[in-house]
Amino acid sequence: MAMEVTQVLLNAQSIDGTVRKHAEESLKQFQEQNLPSFLLSLSGELANDDKPVDSRKLAGLILKNALDAKEQHRKFELVQRWLSLDANVKTQIKTCLLNTLTSTVADARSTSSQVIAKVAGIELPQKQWPELIVSLLSNVHQLPAHVKQATLETLGYLCEEVSPDVVEQDHVNKILTAVVQGMNASEMNNDVRLAATRALYNALSFAQANFSNDMERDYIMRVVCEATQYAELKIRQAAFECLVSISSTYYEKLAPYMQDIYSITAKAVREDEEPVALQAIEFWSSICDEEIDILEEYGSDFTGNSDIPCFYFIKQALPALVPLLLEILLKQEEDQDQEEGAWNIAMAGGTCLGLVARTVGDDIVPLVIPFIEENIAKPDWRQREAATYAFGSILEGPSPDKLLHIVNVALSFMLSALTKDPNNHVKDTTAWTLGRIFEFLHGSTIGTPIITQANCQQIITVLLQSMKDTPNVAEKACGALYFLAQGYEDVGPSSPLTPFFQEIVQSLLTVTHREDAGESRLRTAAYETLNEVVRSSTDETAPMVLQLVPVIMMELHKTLEGQKLSSDEREKQGELQGLLCGCLQVIIQKLGSSEPTKYVFMQYADQIMGLFLRVFACRSATVHEEAMLAIGALAYAAGLDFAKYMPDFYKYLEMGLQNFEEYQVCAVTVGVVGDICRALEEKILPYCDGIMTQLLKDLSSNQLHRSVKPPIFSCFGDIALAIGENFEKYLMYAMPMLQSAADLSAHTANVDDDMTEYTNSLRNGILEAYSGIFQGFKNSPKTQLLIPYAPHILQFLDSMYMEKDMDELVMKTAIGLLGDLADTLGSNAGSLIQQSLTSKDFLNECLSSKDHMIKESAEWARLAINKAISV
Amino acid sequence: MADDSLNHHKRDPIKSSVGNVAAQRRRQNAVTVGKERRESLVRAKRLCRVGTSADGEVSSDSDMMVDEEQSILEMQTSSAVEELKSAVAYQGKGAMQKRVNALRELRRLLSRFEFPPIETALKAGAIPVLVQCLAFGSPDEQLLEAAWCLTNIAAGKQEETKALLPALPLLIAHLGEKSSSPVAEQCAWALGNVAGEGEEFRNVLLSQGALPPLARMMLPNKGSTVRTAAWALSNLIKGPDPKPATELIKVDGLLDAILRHLKRADEELTTEVAWVVVYLSALSNVATSLLVKSGVLQLLVERLATSNSLQLLIPLSSPDLSAALLSRQEAAWVLSNIAAGSVEHKQLIHSSEALALLLHLLSTSPFDIKKEVAYVLGNLCVSPTKGEGKPKLIQEHLVSLVGRGCLSGFIDLVRSADIEAARLGLQFMELVLRGMPNDEGTKLVEREDGIDAMERFQFHENEDLRNMANGLVDKYFGEDYGLDE
């Protein structure tokens, strides 16, 4: 049945486009005409040592892609397709794959390893291919080195591919034994050791039981620590990656090893090559992550404690760890600030120092201050920069009281450094540090303000001056201004920034027009800072914000003038339009929030909407996310008047709802539908058929990212609130969807935090939908249409109550829905509620809640229920 | 494929670009704002409903409240007002949430108890600070809570209502189109309470311009807004001065809006709107003319007809029924006001389809309605007279009505224990006896057992009715009547 495919596979990699295209076509045809034969041919090609390595690699790659895909729905299809293949065909393919592991050609072995893991990922959960692991491990220690390496690599991929619960403990033990032996010093072959170390990285999540056993854990830890000392760099790097993974997966088991790990990592940070040193620093950052999480849980009075106790490793390591980190801050690279995405030891060190400060708080301050004082004025720029960077890194974590004194001393020094220091890096880090000062130590929550009438003028002058500096420094100066403005968001009727408002806005607009504003994300920073300045402004400056409207509109208009654009230019145009629409969004929100300014602003509404529609029209298949967000703000400001824009806008709304791929666009559009519902109320009715159709399609799609689904349910609620009993015709579609989603969300076992969070957001969406529908139907003669759904809803509430895993928000929405149900259905609901299992307990629990939002909803629900029962 | 390193994630550097964080925050903010608006909409809807039913509600759960000693309650109220004062003075972070929380607490105290501590709140100085909370540009949630507090204070005794005077201009200002509908509704509600307190208050509200914005709230189709506005308006135009009613009917689009709302299925809504029509037609001739011309009559009739059929559908015990009854009764009352008007109005009703329905209702509907209908029919047969003396007959109407069999319905009323109804019945019988051509009246009355009905009054305790009935019997069925005597 297999066919000769070598030449086609080679042609498919030809430099000649025509040849390549032709070959790709024939491969596609072959696959469509006879899939089993196609797959067999590929696996035969991969296994055949007489074939050229290039055709073998491509054969393996095509096989792999026939088993897995990125998109969930495609992946599901491929899994089903493989499972439904003839058993004999599958056996032949798998035999070929396993045979390839013994090949002398490394690329063939490696490719086959990955394909085997993909097949295992499909078959093991189905309890198929039970002999795989045993056969891989049967005589692993007697194998030639290259086969041993391939076997270990396969095991590594396999652990990455399948979930721990489908592999029995006995097999896990065997895998770990083989892997750890492969890492051992007694193993002389470096390739085998590297494959084993990388395999361990993936196998760690399988080792829960083994890490609970002191003997086994000691053994694994010893082997990993030894591996960090091997001569081969890649092995050392992989071994440190294992340590990083262990630090988060098995944090609570680490205490006995911390002393050794500190020595190993400190040595690596100081002496080893960069890739290894970076992983060694990452180990400490990862420990900080763990302890920050645990201490945060300690702090929240929700449960009072965490499942995992805090071992305060960072606090204990502090006297040694902080000097180590400060030392490496001096290892800067020359151009790191101009390079986007740069990452080196100094940057990792500062990042880790920031995490340490957040973990231990005040304790870090006395350890860092001497370093700052000693280095901040040194002639070597590296010392000045490192001192500034250290200062900026520790501003989050310690209490403001602990920092205020030094910050007040440092502030004027920093302002002068920002203008006078000859070194670009120093200025960059200084501006960033000023931003950190304003972010964490300036604002209405800070008792003694660090920005006073005396220094405000100087601060602003310096920042505006620095916006004329090189793009990287100017970008950081914008950032500092951003946080400066943010600190005044609650300042009250009069803001200290008012006298400078005009000048600030003008300077920011000038920055956006700089020739080099595309570098270091300067233009983005300038617009976002402008947004924050506007958002935090007070009524005093409202006239100036109003003047900004035509200015930004003109900018947006200019982006629409361009002639034919290259794809590169088009991307830039889209980006700029995004920034301008974002700016308009903030301005609309600001001006729309008070009557007098809204009134004046609305004179521009027609023109602005016209511009937004033209921004949409620039693109063929997608809608502009930022323009969509801005339209949401405009709808709220315009209220009923927004109706006149709907005929032109509707098609883009629909397009946004259809955008499965860019799910954020879809999510934003769903939000805008809600805004429009609230603005238009019943006037949205003519568009509801289309919108509901699209939303229902979205819900039933398995292509759409799951995070968009809860907001879609909430959106049902928005629509029902707006159109009331007119929602009737959608009941037969929406209700079954809600019911099945409710069933799904009621019985999700607590897999992990992410899942619990998602489940709660899904529940909230469902509850909001029901509430909206019931409220919408209230007082209409059609309320009886809802009666049949009441029992299921009450069961849903029962089951959630019994699971005891609702968060506060869900609880509030749920008790509110119980009230809505009683309120709308009256006596019809009364008896159902009385019969329900837990309604009464649930109500009582909510009535005695400490959360006043829950309590208030519950009090209302009690009234509604009493009324329903007494009728 | 097999990379050089494993899939380790790269950490975000602590020194990052502000653009990344800012854009994320801005989007997050847009989502949060949307959620807050939904939340406040949902809450506002629930809050208003609690309010509407509060009167009936308090008793059913008063058991929950008894244990709150009055003195404790007063203490809580004073401190809630103090808390509000300091929240209003505070300008720092979270100021707005602080104000809203303080308002909510005060509102809860003012709405939860059978005897809300209004006096205490006033003594503690609640009004000036609540007025401050109504300042322009305040967030909706704050406006809503403040207006709600004021609503509950206005529902108190007259001198307590009076304390609200300083708040009226702002409450009226927030009725405007620029306000969100929950806020406007709550303000309308507070104003309705004030207007309900008496003529003096109505005049103040009218002079401050409350009528036009309330009238404009009637124009859109939003059920709850229209309902509240209609209720407040019916309090506002209650009279005795007819000018407000005339002013109201002349508001652009109002008449159309009334017609539109009366066509809607929402019984509560049509009831409130019907009340407005009641006062309009009762007080203002201008309004009555416009109403009649607009076909409101036709609508009210349709309303009666549909309610009539609803009766068949809804089981007797349903609360919807009483709502329906109420609505029909008001509709009939409007007709009777119109029927008590000029001869032209009467001719209009007489020639409309309403007549058949009225006749049907007279024989089939419950007593209350029967009485209203009888009043309309009776009025149709007479024209207004100046001074004392018997009303002038419109014989044409009388003959046609009697010809269509309405007499027995009136005679039923004569038999009722309700003095007003009996009087109506007797009056109509008098018309029949006096006005039917060829002395047909006596025969008709006798055939319908009218004599028997009248004789029940022979020794009736009500002198007036006794004399009326005896007079009629003596005059038309006395010594010289027929062959029996």
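In this predicted model, 68 residues of chain B are in contact with 96 residues of chain A. Together the two chains bury about 6700 Å². Carbon and sulfur atoms account for 50% of that area. On the chain B side, three residues lose the most area to chain A: Arg11(B), Ile14(B) and Lys15(B).

The interface of chain B and chain A holds 15 salt bridges. One of them joins Asp718(A) to Arg38(B). There the closest N and O atoms lie 2.7 Å apart.

Which helices of chain B each supply at least two residues to the side that touches chain A? They are H1 (18-60), H2 (62-65) and H4 (95-111). H1(B) gives the largest share, with 26 residues. By class, this side of chain B has 30 charged, 20 polar and 18 nonpolar residues.

Next, turn to a helix pair within chain B. H6(B) covers residues 126-133, and H7(B) covers residues 140-154. Their axes are 9 Å apart and meet at an angle of about 145°. The crossing is left-handed. From H6(B), the contact uses Ile127(B), Leu130(B) and Cys133(B). H7(B) answers with Gln142(B), Leu143(B), Ala146(B), Cys149(B), Leu150(B) and Ile153(B). Eight residues of this contact are nonpolar and one is polar. None is charged, whereas the side of chain B that touches chain A has 30 charged residues.

Methods:
Residues numbered from 1 in each chain as written. Chains lettered and ligands numbered in written order. Predicted model: local features only at pLDDT ≥ 70, side-chain atom pairs only at ≥ 80, totals over all residues. Heavy atoms only, no water. Contact = heavy atoms within 4.5 Å. Buried area = accessible area lost by both parts, 1.4 Å probe. Salt bridge = Lys/Arg side-chain N within 4 Å of Asp/Glu carboxyl O. Helix = DSSP H or I, 4+ residues; strand = E, 2+ residues; numbered from the N terminus. Nonpolar A, V, L, I, M, F, W, Y, C, P; charged D, E, K, R; others polar. Axes fitted to C-alpha atoms, helices over the stretch in contact; angles between N-to-C directions. Left-handed = near helix turned anticlockwise from the far one by under 90°.
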